[in-house]
Amino acid sequence: MAAAGGGGGSRSCFVLGASGETGRALLRELLAQRAFARVTLIGRRRLSLGGAEEAVVRGPGPGLAAEQAVVDFERLGEHAAAFQGHDVGFCCLGTTRAKAGADGFVRVDRDYVAQAAELARAGGCKHFILQSSRGANAQSGFLYLRVKGEVENLVQAVGFDHCTILRPAVLLCKRQESRPMEWIVQQFLGAVARLFPTAYSVPVETVAKAMVACALQPGEGKVKVLENRAVHELGKAVPQQGA
């Protein structure tokens, strides 16, 4: 594999959850930065990439291959090959209780992620980067925060050389799916963010940039947890492509 323009050398990565808002922003950032020679999207269905992503995937420009691996998350152990040979794993996988029910939410956000992490480690992955949530706590009385805390603990226990956990606050984005109440909250937080940019929210593009920065410069130590302010600072520090 040829060297990537963003300093990725011959390294390979996979992305879980590329169909979500952060996942799509991450894919755009990975492809724009050419941080890895090979990017594999692992999901339950093939994605129809938008114009920007499709243009970068198809070229022109050497040194980048993008692949899609379709897996059955209920039988993830049968898809170990999809996790073989990657240096870095990015995980933005998640759903909501409203969409999947309480049991479905736990299965996706905790069980699928934990099993994927185990397969990735067995396949040679050295660095796992997990999008979690502000307030994640395995002892929380709130299901969402408890599950996020539990999956953080499970992923750390897998034993990667490096494990980076990002805990963004409310994600600011233009969702493909309609969530009226979330839209109202985002409008309010978008206004608040102009006064207090790192307090209550963060754009998905900033999270994506921070995730790529973590992969390119993992730093010392096995586990690193980035709270919302640190995600902002790291994401804003990433230079624009070509700068």
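Arg34 sits in the loop that runs between H1 and E2. This is a predicted model, and in it Arg34 takes a positive phi of about 50° despite not being a glycine. The residue counts as buried because its relative accessibility is 17%, which falls under the 20% cut-off.

Stepping back to the whole chain, the protein has seven helices and nine strands. Of its 243 residues, 47% are buried.

As for confidence, the pLDDT averages 84 over the protein, and 76% of the residues score at least 70.

Now for the interior. In soluble globular proteins, nonpolar side chains tend to be buried together. Here the largest nonpolar core is made of 31 residues, and Leu26, Leu30, Phe36, Val39 and Phe90 have the most contacts inside it. At least two residues of this core come from each of strand E1 (12-16), helix H1 (21-33), strand E2 (38-43), strand E4 (88-91) and helix H6 (204-216). The biggest contributor is H6, which gives eight residues. Another core lies apart from this one; it has 26 residues, including Ala82, Cys125, Leu130 and Val155.

H6 also packs against another helix. Two packed helices are described by the angle between their axes and the distance between the axes. For H6 and helix H7 (residues 228-237), the axes come within 7 Å and cross at roughly 80°, so H6 is roughly perpendicular to H7. On the H6 side, the contact is made by Thr206, Val207, Lys209, Ala210, Ala213 and Cys214, while H7 brings in Val231, His232, Leu234, Gly235 and Lys236. Sorted by class, the residues in this contact of H6 with H7 are six nonpolar, three polar and two charged.

Leu216 is another residue of helix H6. Its relative accessibility is 31%, so Leu216 counts as partly exposed. In sequence, Leu216 and Val88 are 128 residues apart, yet their C-alpha atoms are 9.6 Å apart in space.

Leu119, by comparison, belongs to helix H3 (residues 97-122). With a relative accessibility of 16%, Leu119 counts as buried, because that value is under 20%. Setting aside neighbours within four places in sequence, the residues in contact with Leu119 are Leu76, Gly77, Ala80 and Phe83.

How values were computed
Residues are numbered from 1 along each chain as its sequence is written. Side-chain values use heavy atoms; hydrogens and water are left out. A nonpolar core is a set of buried Ala, Val, Leu, Ile, Met, Phe, Trp, Tyr and Cys residues joined through side-chain atoms within 4.5 Å. Buried means under 20% relative accessible area, exposed over 50%, partly exposed in between (1.4 Å probe, protein chains only). Helices (H or I, at least four residues) and strands (E, at least two) are DSSP runs, numbered from the N terminus. Axes are lines fitted to C-alpha atoms, for helices over the stretch in contact, and angles run from 0 to 180 degrees between N-to-C directions. Angles under 35 degrees count as roughly parallel, over 145 as roughly antiparallel, 65 to 115 as roughly perpendicular and the rest as oblique. Contact means heavy atoms within 4.5 Å. Ala, Val, Leu, Ile, Met, Phe, Trp, Tyr, Cys and Pro count as nonpolar, Asp, Glu, Lys and Arg as charged, and the others, Gly among them, as polar. pLDDT is the predictor's confidence in each residue, from 0 to 100.
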